[in-house]
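Please find below a short note on the model under review.

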Amino acid sequence: MSAVAQLRGVSLAEVLDDAKLQTRVDRKYIVPLELMEELFVLLNMDVLEIDARRQFNYESVYFDTAEWASFRSAAYSRRDRFKLRTRTYLDSGLCMLELKLKSGRDETVKDRIGYEVADAHRVNERALAFLSERLLLANGADLRPVLTTLYQRVTLVDREAGGRVTCDTALSCVGDDESVEVSMPGHAIVETKSTNHVGTADRVLWSVGIRPMSVSKYCVGIASLYPDLPRNKWHRVISRYVTVGASDQ
């Protein structure tokens, strides 16, 4: 990504200071990889840089109940939907537990705490205490890991407007049966995050003919791996962009 190399690098401390965005409006886009260079030039934002790196490796582990409460709440667009995951920053070894809730105004409210890397694939006692203060589940212990995603991310920051753009590539997802893998070859998932309902990045994407889509790594991964679950909301994405095949893990 040569265009990324031309952008101004900013530190993690600057990103956290200028664009906390814990309550925000998110939009997601699927962008062909061949358009990403043009997109970086048009956005012309600052890019997160840590130890001379501008692209980082992530692992996310998603948790759900035996009844698929998190997935079904998204599939049916319920107002009280939630998402729980651990996120491990593989280049640094840092791990976080993240809870995302949807507000009545369709804003995403995210809360997170530091977490033990060794427990990234399970809900430990600390997680249960965290959930009991914030979530509606009567029995948080029912939560189990159902999907693991790996991907590479570039994070752009609009320091003037306070917006942020994440660009994820090389996505792979595996469920309980690690022999099957879900991927989106040839495409990136671009997510805009802003405190306004329409940010600068959204307008740039619209100007080149890219429109927002209903796409979630968790939901698309689960719907692709478990076709008996409701998938109508993501049928277009799955049929056009997703490949399901044998995993090399």
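The points below concern a predicted model.

1. The second largest pocket holds about 620 Å³ of space. Its lining is made up of 27 residues. Lys 28, Arg 81, Lys 102, Thr 108 and Val 215 are the ones that lie nearest the centre of this pocket.

2. Which elements give two or more residues to the lining of the second largest pocket? They are the strands β2 (23-32), β5 (82-89) and β6 (94-102), together with the helix α4 (69-75). Of the contributors, β2 gives the most, with 4 residues.

3. Most residues other than glycine have a negative phi. Asp 51 has a positive phi of about 50°, although it is not a glycine. This residue is found in the loop between β3 (46-48) and β4 (56-64). Is Asp 51 buried or exposed? Asp 51 is exposed, its relative accessible area being 73%.

4. Ala 170 also calls for comment. Its phi is near 55°, a positive value in a residue other than glycine. Where is Ala 170 found? Ala 170 belongs to strand β9, which covers residues 163-174. With a relative accessible area of 53%, Ala 170 counts as exposed because the cut-off for that class is over 50%.

Methods:
Residues are numbered from 1 along each chain as its sequence is written. This is a predicted model: local features need pLDDT of at least 70, side-chain atom pairs count only at pLDDT 80 or more; totals for chains, interfaces and linings use all residues. Side-chain values use heavy atoms; hydrogens and water are left out. On a 1 Å grid over the protein atoms alone, a cavity is a set of points where a 1.4 Å probe fits but cannot get out, and a pocket is an open set with protein on both sides within 12 Å along at least five of seven lines; lining residues have an atom within 4 Å of a point. Grid points are joined across faces, edges and corners, and a volume is the space filled by probe spheres set on the points. Buried means under 20% relative accessible area, exposed over 50%, partly exposed in between (1.4 Å probe, protein chains only).
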